[in-house]
Amino acid sequence: MGGIALLARELGYRVTGSDANVYPPMSTQLQAAGIELMEGYHPEHLEPAPDCVVVGNAMSRGNPLVEHLLNVGLRYTSGPQWLSEHVLQGRWVLAVSGTHGKTSTSSLLAWILEYAGMSPGFLIGGVPGNFGLSARLGGSDFFVVEADEYDTAFFDKRSKFVHYRPRTLCINNLEFDHADIFDDLAAIQRQFHHLLRCVPGGGLVVYRHGVNAIDETLAAGCWTPTVSFGLGDASGADWRAELLEADGSAFRVHPGPDDSAEVRWQYCGDHNVENGLTAMAAAKHVGVLPGISADALGAFKGVKRRLELLGRPGNVAVYDDFAHHPTAIATTLKGLRARTGAGRLIALIEPRSNTMRMGEHRAQLAASTRDADLVHWFQPAGLDWSLEDVIASGDTAAHLYTDIDALVGAVSEEAREGDQVVIMSNGGFGGIHRKLLDSLEGKLPRV
């Protein structure tokens, strides 16, 4: 929604917005763009009446602003529908979907096109370091959009991505998530198939090889040429990546039997190699050669909150990562483990997504942290089940906290030179990032 506000502002609209507890980097982006942000959901925020109210999918019946706009009869629409009607019409849309990696892959793809001189527009659920903002109109027909399967609005329960009508569609992976709105994986696959129905026969579907849920979705009907990607030998994949470094910081891409390109970049982990491979294959569809894409990935500066290095106080590397699903937690820790030297890998995890709050993934949580040396779990308010069972069922040393300051104090006392600390949450985590950096700066010697 913040990105859509930026696009509307760039189109010349006066934009205001209401939300609760907005935090950087989105709050700072909106402020820099001159967008007035009002705290809370008070009916007077819609006075005088705006020409149109764009309603985010977090808003539901009973919200004071929702009730006011319905009672007064204001014109309203959803974010995805507004985007489709005002920005995407007539453009070549490159959409990145999947359970994991959407933000990173969208950022990589937008940067490849920018590096190739194609000036794409984009809407991404994060802030790519090469751009410094999460959305822009761009200067060409190409538009990259992060295509989310979550529902659209309280009045439109289709997945957001069905509004985008992509010509190039990426499907990174497909697992069960969003248990608050989907009953099972089949329900999610149904929405992905709705998306496939919108891709023209002259387009392209780029998908991860060897994922049963994706294969089943494609088998239900696909009217578009496809290109598959995979790691290692990935027998049958059209695009393959061969690791040159165990941590994924260097790899060779094989887009065909007699062609290759080498990537050396700052990212790590198999999942990020796959993200890069997806972006390269999608970029090829709009004419960017693999060698140019490889050079672009080498100049990629990362994404805010996607394994973002916040600092190295006392030579302790502190990362911020958005991981909030067992698969994402496991792949991120595996990548950092491959990069770890003599130091330990310490994970601080807040399971706060709606699916986590429902306890849907708790049976997989302990195993997802096996590559860490030590895990500090934080029990957020509103989590109706205890993390004690997760700790008891795992082999990794772990502790449970309900107080942010106590957690910061514990990590600061135990951290030592060479350690890697990764903070994992899809929220603000009580401001722990700044608190931990400040605490480590005060207790560890400067290097």
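1. S425 is buried, with a relative accessible area of 0%; buried denotes under 20% relative accessible area, exposed over 50% and partly exposed in between, with a 1.4 Å probe and protein chains only. The residue S425 lies in the loop between β22 (420-424) and α15 (432-443). Helices (H or I, at least four residues) and strands (E, at least two) are DSSP runs, numbered from the N terminus. Leaving aside neighbours within four places in sequence, S425 is in contact (heavy atoms within 4.5 Å) with R305, D321, F322, A323, E350 and R352. A polar atom of the S425 side chain lies 3.0 Å from the backbone nitrogen of G427.

2. The model is predicted: local features need pLDDT of at least 70, side-chain atom pairs count only at pLDDT 80 or more, and totals for chains, interfaces and linings use all residues. Residues are numbered from 1 along each chain as its sequence is written, and side-chain values use heavy atoms, with hydrogens and water left out.

3. S78, in strand β4 (residues 76-78), is likewise buried, with a relative accessible area of 0%. Its side chain has a polar atom 3.1 Å from the backbone nitrogen of Q81. Not counting residues up to four places away in sequence, S78 touches V54, V55, T152, A153 and F155.

4. The structure holds 13 aromatic pairs, defined for rings of Phe, Tyr and Trp (its six-membered ring) with centres within 6.5 Å; planes under 30 degrees apart count as stacked, over 60 as edge-to-face and the rest as tilted. The F161 and F192 rings have centres 5.0 Å apart and planes at 75 degrees, so the pair is edge-to-face. This pair links distant parts of the chain, 31 residues apart: F161 is in the loop between β10 (156-159) and β11 (168-171), F192 in helix α6 (residues 185-196). Both F161 and F192 are buried.

5. The charged end of R306 sits over the ring of F322, 4.1 Å from its centre; the criterion is NZ of Lys or CZ of Arg within 6 Å of the ring centre and within 35 degrees of the ring normal. R167 lies over the face of W92, at 5.6 Å from the ring centre.

Methods. A polar contact is a pair of N or O atoms within 3.5 Å; within protein, one must be able to donate a hydrogen and the other to accept it, and residues adjacent in sequence count only if both atoms are side-chain atoms.
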